[in-house]
Amino acid sequence: MSYNEELFTTRMRKATRKVHSVSDALINAKFAFSLRDETVWGGGLFVFYHIFAFLEDAKNRLNMPAFDKLFVHKILFRKQAFEEDLCHYLGPNWKSLPKSLALENYLEHLQNLERENPQLLMAYVYHLYLGLLSGGQILAKKRNVFGENNHDQVKYIDKVTDFTGADIPQMKIDFRQAMNEIASSMSEDEKQAFIEESNQVFLMNNLIVNSVGGQNKVLYNMLYKTSAVFLVIAGVILAYRYHK
């Protein structure tokens, strides 16, 4: 790469900025409900577990040096962490839960890529794992402060967002560097296809996030409690006026 040439990760970030912003807003809005109902959090873990598990299993199946290079640290592997969290939030029979159509379509798309153009699977590895190291950490901190169980004497620590002992900022630097090194051996057509698939990553993430249920129950509970408070206040005001 020449001195003045733009880094591929920078180019990719600019090209996906709009859809990435929409995805971030949707995820933050959706999982804000998880602070009041942990089944929403569990539902989010469920859909993303299948994507992360597919990518980690694909790494073993493909035996591609470039694919392996993206996993810059062994702590990045999250499949087991997801499974522990899912058992906690959804119970021991979580594997028998049905997948949404959006999730089935996502997995079918990944399977097609593995058969036809496995290099593009790296777009999913790059954006999903980097997201876990970035926005995933922000969500984890919010849950620790505002979560439903933050007053419990024995507080459960989410495994999937726990990178204890790892230097996350350095890992993100290493991750981007690995991506840029991989891209340096791509043709311009391959780079463009990778960027296009990167936009697809966020679009498909949006679809599975939108398929996560539970938020209606949370809204109902919030409105019910708000209405109850309002009725109490109204009753006090009426009683005061009646006896005045």
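**Buried positions, salt bridges and aromatic contacts**

Ile51 has its place in helix α3, which covers residues 38-62. The model described here is predicted. Ile51 counts as buried because its relative accessibility is 0%, and the limit for buried is under 20%. Its contacts were listed without residues up to four places away in sequence. On that basis, Ile51 touches Leu103, Tyr106, Leu107, Leu110, Leu128 and Ile208. Leu110 is one of these contacts. In sequence, Ile51 and Leu110 are 59 residues apart. In space, the separation of Ile51 and Leu110 is 8.5 Å, C-alpha to C-alpha.

Glu197 is found in helix α10, residues 188-210. Glu197 is buried, yet has no salt bridge. The nearest side chain of opposite charge belongs to Arg115. Arg115 is 13 Å away from Glu197, whereas a salt bridge requires the nitrogen and the oxygen to be within 4 Å. Which residues does Glu197 touch, not counting those up to four places away in sequence? The contacts are His109, Leu113, Leu120, Ala123 and Tyr124.

Salt bridges were then searched for across the whole structure. The search finds six. One of the salt bridges is formed by the side chains of Glu188 and Arg11, at 2.5 Å from N to O. Glu188 lies in helix α10 and Arg11 in helix α1 (residues 8-15), so the pair ties together parts that are 177 residues apart in sequence. Glu188 is partly exposed, with a relative accessible area of 45%. Arg11 also counts as partly exposed, at 23% relative accessibility.

Another salt bridge joins the side chains of Lys79 and Asp57, with an N to O distance of 3.2 Å. This pair links distant parts of the chain. Lys79 is in helix α5 (residues 79-90) and Asp57 is in helix α3, 22 residues apart. Helix α3 also holds Ile51. How accessible are the two partners, Lys79 and Asp57? Lys79 has a relative accessibility of 26% and therefore counts as partly exposed. Asp57 is likewise partly exposed, at 26%.

Glu181 forms a salt bridge with Lys69. The closest N and O atoms of Glu181 and Lys69 are 2.7 Å apart. This pair, too, links distant parts of the chain. Glu181 is in helix α9 (residues 168-183) and Lys69 is in helix α4 (residues 65-70), 112 residues apart. With 35% relative accessibility, Glu181 counts as partly exposed. The relative accessible area of Lys69 is 38%, so Lys69 is partly exposed as well.

Aromatic side chains were examined next. A search of the whole structure finds 11 aromatic pairs. Which residues form one aromatic cluster? The members are Tyr49, Phe52, Phe67, Phe71, Phe77, Phe82, Trp94 and Tyr129. Tyr49 and Phe52 are in the cluster, and helix α3, residues 38-62, is also the place of Ile51.

Two charged side chains sit over aromatic rings. The charged end of Lys59 sits over the ring of Phe71, 5.9 Å from the ring centre. Phe71 is itself a member of the aromatic cluster. The charged end of Arg61 sits over the ring of Phe54. The distance from this charged end to the centre of the Phe54 ring is 5.1 Å.

Note on methods:
Residues numbered from 1 in each chain as written. Predicted model: local features only at pLDDT ≥ 70, side-chain atom pairs only at ≥ 80, totals over all residues. Heavy atoms only, no water. Helix = DSSP H or I, 4+ residues; strand = E, 2+ residues; numbered from the N terminus. Buried < 20%, exposed > 50% of the residue type's maximum accessible area, 1.4 Å probe, protein only. Lys, Arg positive; Asp, Glu negative; His and termini not counted. Contact = heavy atoms within 4.5 Å. Phe/Tyr/Trp six-rings, centres within 6.5 Å; stacked < 30°, edge-to-face > 60°. Lys NZ or Arg CZ within 6 Å of the ring centre and 35° of its normal.
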